[in-house]
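Me: I'm new to this one and would like to get my bearings. Can we go through a few spots together?

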Amino acid sequence: MSRAPIRTTAAAGLLLLTAAVALVPPGRAPGPRADRAGRRIAAWSADVRHTAEFTLYGNDNTRLDDWTGGDGTHSVRLPDGRTLWLFSDTFLDRVHAPPGPHGAPHHWRTSGTGGTPWLRHNSAVVMSRSGRAERTLTGGGAGAPGPFFPDPPGGGRRWPVGARVEPRVPGGAARVVRVLLWRRTPGSGPWIFGEPRGTEVATLSLPGLRLESITLAVDQAAVPDPGRRVLYGTAVVPAGGWTYVFGGDDPPTSPASSAYLARVPAGHLADRGGWRFWDGGRWRRRAGRAVPVLRGGGRRGVGSAFTVVRDGPAWVLFTMDTGGDGSAGLRVVTSYWAGAPQGPWHGPHGRLAPPRPPAADPRHVAVYNPQAHPEFTGGRGLLLSYDINWLGPPGVPPGPRINGAVELYRPRFLRVRLAPPAP
């Protein structure tokens with residue numbers, strides 16, 4: 001029920017969180033020119049509005065085929081001012097007011113008939129121009145909603161990640177939404193959520209948001225080691241006539257992934273032949289030539305779900321702090337910066353411990369998947385979401401906990417202010 005960057009080896013090391021920021025000096029001091037492009041986390045605060053909106057929408061039982069919880073939490077602004085929110089694993093069903101069956105002071109969830117809810121592998125939520133979540137997009141038939149992006153033939157799942165509005169055909173006036181999907185095939189052991197298989201591109205109509213097609217963009221099936229397969233789309237950033245697409249690998253024995261980079265001409269995400277991959281010095285046609293732009297190891301590395309934004313001349317990457325023994329990878333957000341998308345990346349800088357919802361056993365409440373939402377950024381700072389989950393001792397399923405307290409499987413939001421590095 002959780003995203004791939006959550007690893008059970010790290011879950012045992014969860015610690016209590018504090019809502020404070022402690023700045024961490026970079027491992028290597030950049031030169032004066034780089035200083036002008038640098039960014040660090042200067043301040044942050046909880047964004048109550050967006051957290052409350054998803055709480056209100058999730059608790060509303062007007063319909064029982066609407067979103068009541070999920071993770072993933074990517075977004076894209078549509079041409080008419082609406083926002084499409086993309087979620088990976090998703091719960092629908094009925095939410096009950098407290099107290100719960102055992103007297104717990106939490107909203108809790110059952111199926112419409114009172115049984116155990118079941119998980120859909122993805123969904124999308126449409127938000128109005130005024131910021132109200134209005135409806136959920138799912139697949140399947142009447143009375144049995146399934147994933148909006150259907151499971152692949154033969155089993156597995158699709159998780160939506162970054163998205164862009166693009167011309168339907170290059171140079172054309174009609175526009176569509178391109179959504180990058182992580183495709184995973186059934187797996188076991190360290191890949192209980194599925195082995196990485198490749199990156200796909202879905203096309204949605206506008207304004208109706210009808211799923212028109214899913215095509216393969218980056219095939220990783222030929223890479224023999226699943227831990228070295230790179231899934232692209234955790235961040236999609238436009239710049240200078242290009243769309244830069246960041247991705248990560250999924251090593252099974254380390255809390256830290258490495259970050260990779262591809263790019264396509266602006267408006268060409270669905271053109272498989274237009275993808276190029278950074279090999280450390282040049283852009284290559286073959287995905288197998290890609291090398292990390294930020295390699296995991298020691299204090300450095302990323303969770304396999306991270307986010308990248310531009311702030312003036314700087315590129316800023318937010319990720320869970322995967323350094324050390326990995327326990328911070330489920331409780332602390334940190335950042336890196338670079339003067340170009342391919343790096344060099346400087347950091348990690350800063351330690352931001354986001355607030356978590358109250359729980360009877362808070363040491364098992366995990367934070368993961370920080371995602372930026374530039375379309376909501378303004379004078380109050382960058383809007384950053386993060387996902388919440390309950391990861392108990394090995395062998396203890398999270399379902400009863402996150403259905404017994406629905407806030408344990410919903411996104412929360414922050415406002416983050418960036419500033420140049422301190423002198």
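Me: Is T73 buried or exposed?
Reply: Quick note: this is a predicted model, where local features need pLDDT of at least 70, side-chain atom pairs count only at pLDDT 80 or more, and totals for chains, interfaces and linings use all residues. Residues are numbered from 1 along each chain as its sequence is written, and side-chain values use heavy atoms, leaving out hydrogens and water. Buried means under 20% relative accessible area, exposed over 50%, and partly exposed in between (1.4 Å probe, protein chains only). T73 has a relative accessible area of 0%, so T73 is buried.

Me: And what is phi of T73 near?
Reply: Most residues other than glycine have a negative phi. T73 is not a glycine, yet its phi is positive, near 55°.

Me: Which loop holds L209?
Reply: L209 also isn't a glycine and has a positive phi of about 60°. With 2% relative accessibility, L209 counts as buried. Strands here are DSSP runs (E, at least two residues), numbered from the N terminus. L209 sits in the loop between strand 14 (195-204) and strand 15 (211-219).

Me: What is the strand order in the open sheet of 4 strands?
Reply: Two strands pair if DSSP finds at least two bridges between them. Pairing in this sheet is antiparallel, and the order is 1-27-26-25.
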